[in-house]
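Here is a friendly walk through one structure, with its charged pairs, its nonpolar cores and one of its pockets as the stops along the way.

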Amino acid sequence: MNILITGATSGIGKQLALDYAAAGHHVIACGRNEQALAELERTDSAHIAGQKLDISDAEHTLQALRAYTDIDVVILAAGVCEYLDIEAFEADLFARVFEVNVVGTMRCVEALLPNLKSGSKLVIVGSTARLLPFTRAEAYGGSKAAIHYITRSLQVDLARRGIKVLHVSPGFVETPMTAQNDFEMPMQVSVEFASEAIRKGIDKNKIDITFPRVFGWFLKFASRLPQSWQVALSRRMT
Ligand SMILES: NC(=O)c1ccc[n+]([C@@H]2O[C@H](COP(=O)([O-])OP(=O)(O)OC[C@H]3O[C@@H](n4cnc5c(N)ncnc54)[C@H](OP(=O)(O)O)[C@@H]3O)[C@@H](O)[C@H]2O)c1
């Protein structure tokens with residue numbers, strides 16, 4: 001299969017690129033970090049091709065991704081996380097996070113969609129952070145709630161073209177993104193675990209790929225509690 005992955009220079013996306021390449025698939029690994037792209041290509045030049053990509057640059061994203069006309073699986077994993085300091089409330093922080101996690105991700109969809117064939121898969125990486133109102137996660141959780149809604153609407157609208165749209169909700173995964181967190185991260189899993197869960201979910205066409213399972217169940221249950229209980233629960237966890 002031909003698999004295009006954004007966010008492939010680090011963390012979850014990088015592990016997916018390595019694992020799909022090791023299984024004999026052809027991977028187009030996208031990201032801004034040219035050194036990381038070159039390193040990926042060196043690791044498995046027969047199966048990995050690097051594509052420099054900054055999804056916050058509209059024109060460049062359209063130009064770069066329009067060239068790919070024979071993709072079987074698209075995995076949009078590029079993302080950023082910034083936490084809000086409520087005492088120094090900054091609207092620009094929302095702009096920065098939504099620019100990459102929402103608008104940038106949709107730029108990739110805009111560029112790739114015309115060339116996606118019936119039977120191809122569009123996989124969008126969200127987060128379990130969308131499920132509860134976590135402290136300081138106004139921008140990050142908000143962007144992932146937005147991407148979850150968008151993905152579900154795309155599942156409706158792309159069904160007639162035969163394109164499967166899958167949503168991924170990881171819990172805590174050990175990556176450079178979470179290395180900056182200064183709080184406890186329950187049930188954190190490795191990138192290898194995350195990659196396997198995502199690849200299995202894609203194989204089975206699961207429209208909701210949530211892992212680790214128990215963490216996902218707990219948050220999905222909590223998200224159905226009355227809103228005042230959710231706020232109280234999140235405050236207790238703070
Ligand atoms: N780690 C977790 O616990 C966790 C949990 C839930 C959801 N997620 C989601 O999983 C995805 C991957 O996260 P991760 O933990 O693997 O993070 P990571 O190690 O920090 O990797 C983030 C990736 O996004 C790319 N990226 C960021 N800004 C970009 C831009 N403007 N243009 C193109 N690429 C950009 C980075 O590549 P360059 O710097 O090379 O551009 C990098 O490859 C994200 O969407 C994240 O929100 C992660």
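Glu196 counts as partly exposed, at 41% relative accessibility. Keep in mind as you look around that this is a predicted model. The side chain of Glu196 meets that of Lys200 in a salt bridge, at 3.2 Å from N to O. Lys200 is likewise partly exposed, with a relative accessibility of 46%. Both residues sit in helix 7, and because they are 4 residues apart there, about one helical turn separates them.

## Other salt bridges

In total, the structure holds 7 salt bridges. Another one joins Arg96 to Glu82, with the closest N and O atoms 2.8 Å apart. This pair links distant parts of the chain: Arg96 belongs to helix 4 (residues 91-112), while Glu82 lies in the loop between strand 4 (73-76) and helix 4, 14 residues apart. Arg96 is partly exposed, with a relative accessible area of 36%, and Glu82 is partly exposed as well, at 25%. Together with Glu90, these residues make up a network of salt bridges: Glu82, Glu90 and Arg96.

Arg107 and Glu99 also form a salt bridge, their closest N and O atoms being 2.8 Å apart. Is Arg107 buried or exposed? Its relative accessibility is 15%, so Arg107 counts as buried, the cut-off being under 20%.

In soluble globular proteins, nonpolar side chains tend to be buried together. Here the largest nonpolar core has 28 residues, and the members that touch the most others are Ile5, Tyr20, Val27, Ile75, Ile202 and Phe211. Helix 1 (residues 11-22) supplies the largest share of this core, with 5 residues. There is also a second, separate core of 26 residues, which includes Val74, Val100, Cys108 and Val109.

Phe211 deserves a look of its own. Beyond its neighbours within four places in sequence, the contacts of Phe211 include Val168, Pro170, Val189, Phe193, Ala197 and Ile198.

## The second largest pocket

The second largest pocket has a volume of about 410 Å³. Of its 16 lining residues, Ala197, Lys206, Thr210, Phe211 and Arg213 are the closest to the centre. Helix 7 (191-203), strand 7 (208-211) and helix 8 (213-222) are the elements that give two or more residues to the lining.

Which element gives the most to this lining? That is helix 7, with 5 residues. By class, the lining has 7 charged, 6 nonpolar and 3 polar residues.

How values were computed: Residues are numbered from 1 along each chain as its sequence is written. This is a predicted model: local features need pLDDT of at least 70, side-chain atom pairs count only at pLDDT 80 or more; totals for chains, interfaces and linings use all residues. Side-chain values use heavy atoms; hydrogens and water are left out. A nonpolar core is a set of buried Ala, Val, Leu, Ile, Met, Phe, Trp, Tyr and Cys residues joined through side-chain atoms within 4.5 Å. Buried means under 20% relative accessible area, exposed over 50%, partly exposed in between (1.4 Å probe, protein chains only). Contact means heavy atoms within 4.5 Å. On a 1 Å grid over the protein atoms alone, a cavity is a set of points where a 1.4 Å probe fits but cannot get out, and a pocket is an open set with protein on both sides within 12 Å along at least five of seven lines; lining residues have an atom within 4 Å of a point. Grid points are joined across faces, edges and corners, and a volume is the space filled by probe spheres set on the points. Ala, Val, Leu, Ile, Met, Phe, Trp, Tyr, Cys and Pro count as nonpolar, Asp, Glu, Lys and Arg as charged, and the others, Gly among them, as polar. A salt bridge is a side-chain nitrogen of Lys or Arg within 4 Å of a carboxyl oxygen of Asp or Glu.
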